[in-house]
Amino acid sequence: MKTKSNQPAKRVELGKFIVADPEICHGQPTYKGTRILAWIVLDQLEGGMTWDEIVVEWRGKLSHAAIAETIALSHLVVKHEPFRGFHAGARRKSARRTTAAAA
């Protein structure tokens, strides 16, 4: 994966537990030291699994702190998509102009 400046994309640490590395799972956010995709854990939570059930499901490779971070960073995680940067989807709000009210 290359960036716009033709430099190889680099690993981005999204948090203490979650990383996006173009060499691992095509740059999709995963947990450090694993190939567990963050979006899968979000799907498990959405499906009603408890945090304890998720920890057991992943054989202790995830902690409650990692799950909490996943929720906090969920706005950066897109199912089946690599991490595109912190501002990739951000849109600038147009400046509002105030008008004087007619008396």
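I looked up the contacts first, keeping in mind that this is a predicted model: of those in the protein between residues at least 6 apart in sequence, 38% join residues that are at least 24 apart.

Next I went through the secondary structure, where I found 3 helices and 3 strands, and when I read along the sequence I wrote down the pattern β-β-β-α-α-α.

I then checked the surface, noting that the accessible surface of the protein comes to about 7800 Å² and that 52% of it belongs to carbon and sulfur atoms. Of the 103 residues in the protein, 32% are buried.

Which residues of helix α3 are buried? For this helix, which covers residues 64-72, I listed A66, I67, E69 and T70 as buried. These residues lie on the same side of α3, because they cover an arc of only 160 degrees around the axis. I also looked up what covers the buried residues of α3, and my list includes strands β2 (18-20) and β3 (30-31) as well as helices α1 (38-46) and α2 (51-57).

Last, I turned to the sheet, which is open, has 3 strands in the order β1-β2-β3, and shows antiparallel pairing. I marked β1 (12-13) and β3 as the edge strands, since each pairs on one side only. Between β2 and β3, which run antiparallel, I found 2 bridges, and I noted that V19 stands opposite T30 in β3.

Methods
Residues numbered from 1 in each chain as written. Predicted model: local features only at pLDDT ≥ 70, side-chain atom pairs only at ≥ 80, totals over all residues. Heavy atoms only, no water. Helix = DSSP H or I, 4+ residues; strand = E, 2+ residues; numbered from the N terminus. Buried < 20%, exposed > 50% of the residue type's maximum accessible area, 1.4 Å probe, protein only. Contact = heavy atoms within 4.5 Å. Areas by Shrake-Rupley, 256 points an atom, 1.4 Å probe, with all protein chains shown as cover. Arc of directions from axis to C-beta. Pairing = 2+ DSSP bridges.
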